[in-house]
Every structure is written in C-alpha cells, then in structure tokens.
Amino acid sequence: MAVIFNSSIIIMGLLLIIAAVLVWGLSKVFGATIALIGIGAMGVGIFPETIHPFHLIFALIAFLFASLSSYPTIRISRSPGRVLWPILGTMRGC
C-alpha cells in the first residue's frame, strides 16, 4: 500500500506543478504557492515517513502553502463568496 500512496502523491505533486505553470499568468503569487505545494507533496512521496526529518519538512511545506494559497485567490476569483477562501484556508491550517 505504501508504494501506491507514495507514487500517487508524487503524481499529485507533478500535476500541481503543471497547474502552477498554467496559472502563472493569472497570478504569480498563486502560481508560486501552488508550485510549493507540489514540491512538498513530491517530497512526501519520495521520502517515506521513516526518513526523518525530510518527510516532516516536506509535509510542512505542503500543508503550510496549501493554507497560504487561499489568500491570493481573493484577487483572482470572481465569485461573490471569494472572501470565504482565505477564511477556509486559515481554518484548514488550524
């Protein structure tokens, strides 16, 4: 099961980096935070939980920037509820 989890997390990280490239023209800050989430996710998949401290560092990067990525969306989103994204991102980080 670990092989399935780790390979899927690595693929998710690659897809997040591709998404960051695609949104780079929309917002450089949002693109950078998405790319950092992808790097963190790939690190979690490459370094299993038994490899300290690398797994913890990459997990911190992934979770921290996943929460922070909600803040630039207030300028990008056109929905009326766009002020909720930073609130939800902050709640996710708690």
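The structure described here is a predicted model. Its secondary structure amounts to 5 helices and 0 strands.

**Overall build**

- Read from the N terminus, the elements of the protein follow the order α-α-α-α-α.
- Along the principal axes, the C-alpha atoms occupy a box of roughly 45 × 30 × 20 Å.
- The protein has 94 residues, and 32% of them count as buried.

**The largest pocket**

- The largest pocket holds about 180 Å³ of space.
- Its lining consists of 11 residues. Those nearest the centre of the pocket are Met 12, Ala 41, Val 44, Ala 62 and Phe 63.
- Three helices each provide at least two residues of this lining: α1 (2-23), α2 (28-46) and α3 (54-68).
- Helix α3 supplies the largest share of the lining, namely 4 residues.
- In terms of residue class, the lining contains 10 nonpolar residues, 1 charged residue and no polar residues.

**The nonpolar surface patch**

- The patch covers about 660 Å² and is nonpolar.
- Seven named residues form this patch: Ile 74, Val 83, Leu 84, Trp 85, Ile 87, Leu 88 and Met 91.
- One of these residues, Ile 74, is located in helix α4, which spans residues 73-76.
- Ile 74 has a relative accessible area of 33%, and it is therefore classed as partly exposed. The reasoning rests on two cut-offs, because buried means under 20% and exposed means over 50%, with partly exposed in between.

- Ser 7 is placed in helix α1.
- The relative accessibility of Ser 7 is 35%, so this residue counts as partly exposed.
- In sequence, Ser 7 and Gly 45 are separated by 38 residues. In space, the distance between them is 6.4 Å, taken from C-alpha to C-alpha.

**Points to locate in the structure**

- Which helix gives the largest share of the lining of the largest pocket? That share comes from α3.

How values were computed: Residues are numbered from 1 along each chain as its sequence is written. This is a predicted model: local features need pLDDT of at least 70, side-chain atom pairs count only at pLDDT 80 or more; totals for chains, interfaces and linings use all residues. Side-chain values use heavy atoms; hydrogens and water are left out. On a 1 Å grid over the protein atoms alone, a cavity is a set of points where a 1.4 Å probe fits but cannot get out, and a pocket is an open set with protein on both sides within 12 Å along at least five of seven lines; lining residues have an atom within 4 Å of a point. Grid points are joined across faces, edges and corners, and a volume is the space filled by probe spheres set on the points. Ala, Val, Leu, Ile, Met, Phe, Trp, Tyr, Cys and Pro count as nonpolar, Asp, Glu, Lys and Arg as charged, and the others, Gly among them, as polar. Patches are made of residues with over 30% relative accessible area and no salt bridge: like charges are joined within 9 Å, nonpolar side chains (Val, Leu, Ile, Met, Phe, Trp, Tyr) within 5 Å. Accessible areas come from the Shrake-Rupley method with a 1.4 Å probe; for residues, only the protein chains shown count as cover. A salt bridge is a side-chain nitrogen of Lys or Arg within 4 Å of a carboxyl oxygen of Asp or Glu. Buried means under 20% relative accessible area, exposed over 50%, partly exposed in between (1.4 Å probe, protein chains only).
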